[in-house]
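Please look over the sequence and the structure shown here before reading on. The report is meant for someone who has not seen this structure before.

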Amino acid sequence: MGAVMSESTSEVLVRFRNVQKSYDGENLIVKDLNLDIRKGEFLTLLGPSGSGKTTSLMMLAGFETPTSGVIELAGRSLNNVPPHKRNIGMVFQNYALFPHMTVAENLAFPLSVRGMAKTDIQDRVKRVLSMVQLDKFAGRYPGQMSGGQQQRVALARALVFEPQLVLMDEPLGALDKQLREHMQMEIKHLHQRLGVTVVYVTHDQGEALTMSDRVAVFHQGEIQQIDAPSVLYENPRNTFVANFIGENNRLSGRLVSRDGEHCVVQLDRGEQVRALAVNVGEPGSPVSLSVRPERISLNGHSEHCDNRFSGRVQEFIYLGDHVRVRMEVCGKPDFYVKQPIAELDHQLSVGDVVPLGWQVDHVRALDPLEHAE
Amino acid sequence: MMASSAPMPDHPLTTQDGVPLKTKLARAERMNKLKSLALVLPLALFLLLTFVVPIGSLLLRSVDNPEVVASLPSTVKAIGAWDGKSLPPEPVYRAVAADLIKARDDQTLGDLGKRLNMEVAGYRSLLGKTARALPFDPAPASYKDALVKLDERWGDPAYWQAIRRNGSAHTPFYLLAAVDHRVDDLGDITATTPDQAIYLDVFARTFWMSAVVTVISLLLAYPLAYLLVSLPTRKSNLLMIMVLLPFWTSVLVRVAAWIVLLQSGGLINSALMALGITDHPLQLVFNRVGVYIAMVHILLPFMILPIYSVMKGISPTYLRAAVSLGSHPFGAFWKVYFPQTVAGVGAGCLLVFILSIGYYITPALLGSPNDQMVSYFVAFYTNTTINWGMATALGGLLLAATMVLYMVYSKLVGAGRLRLG
Ligand SMILES: Nc1ncnc2c1ncn2[C@@H]1O[C@H](COP(=O)(O)OP(=O)(O)O)[C@@H](O)[C@H]1O
Ligand SMILES: [Mg+2]
C-alpha cells in the first residue's frame with residue numbers, strides 16, 4: 001500500500017476504456033472494462049474459467065474486436081490497427097511453436113518478417129536462446145523437446161523482437177506442478193530483468209499471487225478488484241474475491257448496526273460479531289463475514305480477541321509445516337483454523353471444545369454470497 | 001524378486017530360473033509376433049488370392065509367348081542351328097512342314113498365325129496357304145525347294161527370323177511394343193516407325209491429362225478443405241455431405257449428366273447464350289474440356305479428404321501466433337499453415353493422379369479419339385482384339401509408373417508423413 005505514490009505517477013501503456021464484447025448480441029462476455037496497464041508492470045487477469053479473461057486479452061492482441069469502447073496502446077487507439085502491426089508479443093497455452101521449423105527458425109520468424117539482416121537475426125536468436133538456457137537446442141524441432149523446453153522457446157519467441165508488451169494466456173497450464181512453479185519464477189525473473197510489460201492470464205490464484213505486481217480479478221465479465229497481491233489477499237473488497245483468493249471461512253448473518261468503519265453482525269444462530277464494514281448495506285440486510293484461517297487464535301491465544309466463541313474439534317489435517325484443524329463453530333461444521341506446527345497444542349484431540357477468537361480487523365463484512373456458485 | 005547382486009560384465013543377465021534374459025525376452029516376443037501374425041493371416045490370404053496372384057499372373061502374360069513354342073516345337077529346335085543370315089538348312093524346312101501338319105490337326109494354327117502376323121504382316125495367310133498344301137505327296141527330295149516353290153516368302157529370311165525370335169516361351173515383344181519399340185531382324189532393339197508409334201504419345205497424354213486434373217483438383221480442393229475446417233461444426237458437416245454426395249451416385253450417371261449439361265444445346269450453353277456471354281454454343285463436351293470437367297468433378301473428394309484430415313489436426317493458434325509475431329496473414333498462411341498441410345496435399349495429389357492415369361469410362365464417353373488414355377487401349381486389347389500380351393504390357397507399365405511415382409513421393413515427402421485419411 002506504500003506504492004500509492006508511484007501508482008499515480010507511473011506511465012500508462014495500455015488503456016481499456018468502456019470496452020464491451022458480445023459474441024452473440026445477447027450476452028456481454030466483457031461488461032464495461034476499464035483498465036489501465038502501467039508500463040513495465042506484471043499484471044495478471046485472474047478469474048474462473050469463462051469469466052472473459054481470454055476475450056479481453058484477444059481484444060488487446062487484435063484477434064477479437066471490441067463491440068464497443070476503445071483500447072489504447074501508448075496513447076494511440078488500437079481499434080483500427082491489425083494484429084500483425086501491433087507489435088505485441090504473445091505466448092499461447094499450447095505454445096503454438098511451428099512444428100515444421102527448428103527452434104532457431106521459430107525464433108528467427110518474427111525477425112525475418114520484420115526484414116532484419118541475416119547476421120543480426122543469428123545474433124539475436126543466439127542471445128535469446130542463452131537467455132532461456134537452450135543454447136544447445138537451436139537445431140531441434142519442437143516435437144523433440146519436453147513441455148518445459150517448448151514453453152521456454154515460446155517465451156523466447158515472444159520476446160525476441162523486443163515488444164514493449166507481452167501477453168500470456170495460461171502459458172503454464174499444460175505443465176506439471178513442479179515445473180509450473182519453476183517456470184513461474186523464471187518468467188518473473190525475466191520480467192524483472194527485461195522490464196517488459198506483461199499481461200498474464202490465469203485461473204490459478206497461487207500463480208497470480210506469486211508472479212504479479214497487480215492482479216485484476218475477473219468474474220462474469222467484470223473486474224471485481226484490481227490490486228497488489230497482498231492487498232487482494234488481506235483486503236478483499238467483496239465475497240467473490242475473498243472466496244476466490246486464498247482460504248476463507250464464511251459466516252452469514254444480518255447487519256445489526258454500523259459505526260464508521262466497524263459494524264456489528266448477528267449470525268443466523270444469534271451470536272454477534274464485530275467486524276470491518278467493507279461492503280455492507282443498510283442494517284437488517286444480509287451480510288457474509290470472511291475470516292482467514294490463519295487469523296484465528298485458539299485457546300489462550302484468543303483471550304485478547306474482540307470476537308470470542310467456542311468450537312468443537314472435528315479433524316486434524318497434517319500438512320508438514322502446519323496443521324489445519326477442522327472445527328464446528330457457530331453451527332458451521334467446516335470452519336478451518338490454521339495452526340503453525342510450533343504453536344499447535346498437542347493436548348488437543350478430536351471432540352474437544354476449545355475457545356477461539358479473532359480481531360475485528362481480521363473479519364470482514366462483505367456482500368452476501370450469491371447462490372450461483 | 002530382483003537379482004541380489006549387480007550383473008557381472010562378462011556374464012549375461014539371467015532370469016530367476018537361469019535362462020538368459022535375452023533368450024527369455026526373445027521367446028516372449030516371438031509369441032506376441034505369432035499371435036499378431038495369426039490375426040492378420042486371413043487378410044493376408046485374402047490379399048494374396050484376390051490381389052497378388054491375379055496381378056502377378058496378369059503381369060506374366062505381358063511376357064508370355066506360348067504360340068510358337070507350342071505349335072512349332074521341332075522347327076524351334078531345328079532353327080537353333082541356323083546362322084540367321086542366309087536361308088535355314090533343309091532340316092528346318094522339313095520340321096516346319098511336319099509341325100504345320102500337326103498344328104492344323106490340333107487347330108492351333110489360328111493362334112500361331114495371329115501371333116506371327118504381329119511380327120511380319122501376311123504371315124497368317126502364308127501359314128494357311130502352306131498348311132492347306134501339306135502334306136506333299138509324294139514327299140519331295142528337298143522340302144526347302146518345295147516350300148519356296150509353293151510360296152516364295154519361304155525364301156525370305158525375315159519370315160524365319162520371326163520364328164527364331166519367338167523360339168522362347170517369353171518375349172519382350174509386347175513390353176517393347178507398348179513403348180513403341182521392337183526387336184528388328186538383326187536382334188537389336190529399335191524404335192518403331194513413326195507411323196506405327198502411338199503408345200508413347202498415349203502415355204504422355206495420359207500423364208499430362210492426369211497432371212492437369214490433379215492441379216485443377218488441388219486448386220479447387222485446398223480452399224474448400226480450409227473452409228471445411230474453419231466453419232462451425234454444423235455448417236461444415238453439411239458441406240462435407242455435399243462433398244461426399246458424388247460418391248453416392250454411379251460414375252456412369254454422373255458422366256451422362258455432364259453430357260446433358262455440357263452439350264451444345266445443353267443447360268450451360270443455353271445459359272451462356274441467354275446471358276449474352278457468347279453467341280454460339282461452346283464446344284464443351286466430346287473434347288478435352290469435357291473430360292477435364294467430369295474427371296475433376298469425380299476425383300475432387302479424393303483431393304479434399306486427405307487435405308481436410310491433415311488440416312483438421314492443425315490448430316488455428318499457429319496462424320494467430322504467426323500474426324502476433326508480425327507476419328501479414330497471407331504470409332502467415334503461406335509460411336506457417338501451408339507447410340503443415342504438405343503431407344495432405346501430397347497424399348491428395350498422389351491419389352488423384354494415380355486414379356487419373358487409370359481412367360477409362362470418362363474419357364471414353366466424354367472425349368474425342370484424341371483424348372483417350374492408356375486404359376482405353378488396355379480395354380481395346382482385352383475386349384476387341386483379345387490380345388492379352390498388349391493389354392497386360394500396357395497395364396504393367398501403368399502399374400510401374402504408379403510405383404515409381406509413389407517412390408518419388410515418399411523420397412520427397414517421406415512415406416511416414418503420407419496421410420490418406
Ligand atoms: N469465439 C467465441 N464465440 C462465442 N463465444 C465465445 C467465443 N470465445 C469465447 N466465448 C465465450 O465467452 C465466454 C468467456 O470466454 P473466455 O474469454 O475464453 O473466458 P476465460 O478465458 O476467462 O476462460 C465463455 O462463456 C465462452 O463460451
Ligand atoms: Mg481462457
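**Two sheets in chain A**

The model is a predicted one, and local features are described only where pLDDT is at least 70. Chain A holds an open sheet whose 6 strands, with mixed pairing, follow the order β6-β7-β8-β3-β9-β10. At its edges lie β6 (88–91) and β10 (222–227) of chain A, each of which pairs on one side only, and from one strand to the next the twist averages 20 degrees. Within this sheet, strand β3 (residues 42–46) of chain A runs parallel to strand β8 (residues 197–202) of chain A, and 5 bridges join the two; A:L46 of the one strand has A:T202 in β8(A) as its bridge partner.

| Strand pair | Bridges | Direction | Example of residues facing each other |
|---|---|---|---|
| β11 (residues 249–259) and β14 (residues 286–291) of chain A | 6 bridges | antiparallel | A:N249 and A:V291 |
| β11(A) and β12 (residues 262–267) of chain A | 6 bridges | antiparallel | A:G253 and A:L267 |

In the hairpin formed by β11(A) and β12(A), 2 residues lie between the strands, and A:G260 takes a positive phi near 60 degrees.

**A helix pair in chain B**

In chain B, helix α11 (residues 233–244) and helix α14 (residues 288–312) have axes that come within 10 Å and cross at roughly 145 degrees. On the side of α11(B), the residues in the contact are B:M240, B:V243 and B:L244, which meet B:P301, B:I304, B:L305 and B:Y308 in α14(B). By class, the residues of this contact divide into 7 nonpolar, no polar and no charged.

**Where chain B meets chain A**

How many residues does each chain give to the contact? Chain B gives 16 residues and chain A gives 20 residues. About 1,600 Å² is buried between chain B and chain A, and carbon and sulfur atoms give 72% of that area. Of the area that chain B buries against chain A, 41% is supplied by B:R320, B:S324 and B:L325, more than by any other three residues.

Between chain B and chain A the count is 1 salt bridge, formed by B:R320 with A:E64, whose closest N and O atoms are 3.8 Å apart. The count of residue pairs in polar contact between the two chains, both residues being at pLDDT 80 or more, is 2. On the side of chain B that touches chain A, the elements giving two or more residues are α15 (317–324) and α16 (329–357) of chain B, and α15(B) gives the most, with 7 residues. By class, this side of chain B has 8 nonpolar, 6 polar and 2 charged residues.

**Salt bridges over all chains**

Side chains of opposite charge can pair when their charged atoms come close. Over all chains the count comes to 22 salt bridges. One of the salt bridges in the model joins the side chains of A:D36 and A:R17, at 3.3 Å from N to O. This pair links distant parts of the chain, with A:D36 in strand β2 (residues 28–38) of chain A and A:R17 in strand β1 (residues 12–22) of chain A, 19 residues apart.

Key
Residues numbered from 1 in each chain as written. Chains lettered and ligands numbered in written order. Heavy atoms only, no water. Contact = heavy atoms within 4.5 Å. Buried area = accessible area lost by both parts, 1.4 Å probe. Salt bridge = Lys/Arg side-chain N within 4 Å of Asp/Glu carboxyl O. Polar contact = N/O pair within 3.5 Å; in protein donor to acceptor, adjacent residues only side chain to side chain. Helix = DSSP H or I, 4+ residues; strand = E, 2+ residues; numbered from the N terminus. Nonpolar A, V, L, I, M, F, W, Y, C, P; charged D, E, K, R; others polar. Pairing = 2+ DSSP bridges. Axes fitted to C-alpha atoms, helices over the stretch in contact; angles between N-to-C directions.
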